[in-house]
Amino acid sequence: MAWFTRKDKGIQTPTAAKKDAPEGLWYKTPSGKIIHTRELKNNAYVSPEDGYHVRIGSNEYFEIIFDKKGYKELDEDLTSADPFGFVDSKPYPTRIETMQKKTNLKDAARSAVGQMNGIELVVCCMDFSFIG
């Protein structure tokens, strides 16, 4: 005899009572395997299943490169200018403003100073999500 017997077949939980997993908790690799984001981060954003290098932003690169994730960003308030008045389908300043709001970054290029294996270095990274 079973300990538990389902009286009604199928899932009976109403849609309103179902809970969603937090955004970004899991990652699906190109080969289709689902892995926890923590496992991906611990593997330097390389999928252990197929060796796929996941696209990451400058924050993640800085955390990987610098010792103990310690670094100081240089020129934090530096933003792009539009000295030539460039326009295509939208004015360039409008594009910059839109991307700043979308990404919470001031510019696509960020630089930081810190140490890697005890050696001081300066790193510049491009955030391609900013370029969008």
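1. R110 sits in strand β4, residues 109–116. Strands here are DSSP runs of E of at least two residues, helices are runs of H or I of at least four, and both are numbered from the N terminus. This is a predicted model, in which local features need pLDDT of at least 70 and side-chain atom pairs count only at pLDDT 80 or more, while totals for chains, interfaces and linings use all residues. Residues are numbered from 1 along each chain as its sequence is written, and side-chain values use heavy atoms, with hydrogens and water left out.

2. Is R110 buried or exposed? R110 counts as buried because its relative accessibility is 9%. Buried means under 20% relative accessible area, exposed means over 50%, and partly exposed lies in between, with a 1.4 Å probe and protein chains only.

3. The side chain of R110 has two polar partners to note. One is the side chain of S58, at 2.6 Å; another is the side chain of N59, at 2.9 Å. A polar contact is a pair of N or O atoms within 3.5 Å; within protein, one must be able to donate a hydrogen and the other to accept it, and residues adjacent in sequence count only if both atoms are side-chain atoms. With neighbours within four places in sequence set aside, R110 is in contact (heavy atoms within 4.5 Å) with S58, N59, F62, E73, L105, V123, C124, C125 and D127.

4. R110 also belongs to the lining of the second largest pocket, together with E73, L74, D75, E76, L78, N104, L105, K106, D107, A109 and S111. The elements that give two or more residues to this lining are β3 (71–74) and β4. The largest share, 3 residues, comes from β4. The space in the second largest pocket is about 160 Å³. A pocket is an open set of points on a 1 Å grid over the protein atoms alone, where a 1.4 Å probe fits, with protein on both sides within 12 Å along at least five of seven lines; lining residues have an atom within 4 Å of a point. Grid points are joined across faces, edges and corners, and the volume is the space filled by probe spheres set on the points.

5. Q115 is a further residue of strand β4. Q115 is partly exposed, because its relative accessible area is 37%. Y71 lies 44 residues from Q115 in sequence, yet the two C-alpha atoms are 7.4 Å apart in space. Beyond its neighbours within four places in sequence, Q115 is in contact with I65, F66, D67, G70, E120 and L121.

6. Helix α3 covers residues 92–103, which makes 12 residues, and reaches 16 Å from its first C-alpha to its last, close to the 16 Å expected at 1.5 Å a residue. The expected span is 1.5 Å times one less than the number of residues. Which residues of α3 are buried? They are I96, M99 and T103. Seen down the helix axis, these buried residues fall within an arc of 70°, so they line one face of α3. The arc is that of the directions from the helix axis to the C-beta atoms. An α-helix has 3.6 residues a turn, so residues three or four places apart point the same way.

7. N104 follows α3 and lies in the loop between α3 and β4. Its phi is near 60°, a positive value in a residue other than glycine. N104 is exposed, because its relative accessible area is 69%. A44 has a positive phi too, near 55°. A44 is in the loop between α1 (37–42) and α2 (58–65), and at 39% relative accessibility A44 counts as partly exposed.

8. T29 is in the loop between β1 (26–28) and β2 (34–36). With a relative accessibility of 4%, T29 counts as buried. The side chains of T29 and S31 are joined by a polar contact of 3.0 Å. Apart from its neighbours within four places in sequence, T29 is in contact with I35, S47, E49 and D50.

9. On the protein as a whole: its secondary structure comes to 4 helices and 5 strands. From the N terminus on, these run β-β-α-α-β-α-β-β-α. Of the 132 residues, 21% are buried. Among contacts between residues at least 6 apart in sequence, 43% join residues at least 24 apart.
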